[in-house]
Amino acid sequence: MNDPYAVLGVQSDADDETIRRRYLELVKQFPPERQPEKFAAVRGAYERLKDLDARVRHRLFEQGRRDGIDELIEEMACRTPRRRYNLQALLAMQRPPGR
């Protein structure tokens, strides 16, 4: 499985807007009718990182990062004024179906 941050060409601490802008740039660069494989990779990476919930799930379940959950909570809580995660909310997240 490819690293979605590398596919999109963004840092792992990128915010929602940076990820969205980069996705739109890549969609223009790799249109689905010309380069369907590249487009599929970009689209898949964006789906895994498009919002804070998706990034938290990726960090916890796809990267296998169960240790260091306190650091992840602090890191994610500091990035967004809209939502504050706490330990109970993160532990309550279920592994996505089929993973």
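Thr18 is found in helix H2, where helices (H or I, at least four residues) and strands (E, at least two) are DSSP runs, numbered from the N terminus. At 31% relative accessibility, Thr18 counts as partly exposed, a class that lies between buried, meaning under 20% relative accessible area, and exposed, meaning over 50% (1.4 Å probe, protein chains only). Its C-alpha atom is separated by 9.9 Å from that of Lys50, 32 residues apart along the chain.

This is a predicted model, in which local features need pLDDT of at least 70 and side-chain atom pairs count only at pLDDT 80 or more, while totals for chains, interfaces and linings use all residues. Residues are numbered from 1 along each chain as its sequence is written, and side-chain values use heavy atoms, with hydrogens and water left out.

**The chain as a whole**

- The secondary structure comes to six helices and zero strands, and the pattern read along the sequence is α-α-α-α-α-α.
- The chain has 99 residues, of which 33% count as buried.
- Among the contacts in the chain with a separation of 6 or more, 51% are accounted for by residues 24 or more positions apart, contact meaning heavy atoms within 4.5 Å.

**Packing of H2 against H3**

- Two packed helices are described by the angle between their axes and the distance between the axes.
- Helix H2 (residues 16–29) packs with helix H3 (residues 36–49) at an angle of about 170°, and their axes are 10 Å apart; axes here are lines fitted to C-alpha atoms, for helices over the stretch in contact, and angles run from 0 to 180 degrees between N-to-C directions.
- H2 and H3 are therefore roughly antiparallel to each other, given that angles under 35 degrees count as roughly parallel, over 145 as roughly antiparallel, 65 to 115 as roughly perpendicular and the rest as oblique.
- On the H2 side the contact is made by Ile19, Arg20, Tyr23, Leu26 and Val27, and on the H3 side by Phe39, Val42, Arg43, Tyr46 and Leu49.
- The residues of this contact divide into eight nonpolar, no polar and two charged, where Ala, Val, Leu, Ile, Met, Phe, Trp, Tyr, Cys and Pro count as nonpolar, Asp, Glu, Lys and Arg as charged, and the others, Gly among them, as polar.

**Aromatic rings**

- The count comes to one aromatic pair, under a rule by which rings of Phe, Tyr and Trp (its six-membered ring) pair if their centres lie within 6.5 Å, with planes under 30 degrees apart counted as stacked, over 60 as edge-to-face and the rest as tilted.
- The rings of Tyr23 and Tyr46 have their centres 4.0 Å apart and their planes at 10°, so the pair is stacked.
- This pair links distant parts of the chain, since Tyr23 lies in helix H2 and Tyr46 in helix H3, 23 residues apart.
- Both Tyr23 and Tyr46 are buried.
- The charged end of Lys38 sits over the ring of Phe30, 5.1 Å from its centre; a charge sits over a ring if NZ of Lys or CZ of Arg is within 6 Å of the ring centre and within 35 degrees of the ring normal.

**Partly exposed residues**

- Leu24, in helix H2, is partly exposed with a relative accessible area of 38%, and its C-alpha atom is 9.9 Å from that of Arg43, 19 residues apart in sequence.
- Glu25, likewise placed in helix H2, is partly exposed with a relative accessible area of 44%, and the C-alpha atoms of Glu25 and Leu8, 17 residues apart along the chain, are separated by 9.5 Å.
- Asp3 has its place in the segment before helix H1 (4–8) and counts as partly exposed at 37% relative accessibility.
- Asp3 and Ala45, 42 residues apart in sequence, are 7.7 Å apart in space, C-alpha to C-alpha.
- Not counting residues up to four places away in sequence, Asp3 touches Arg48 and His58.
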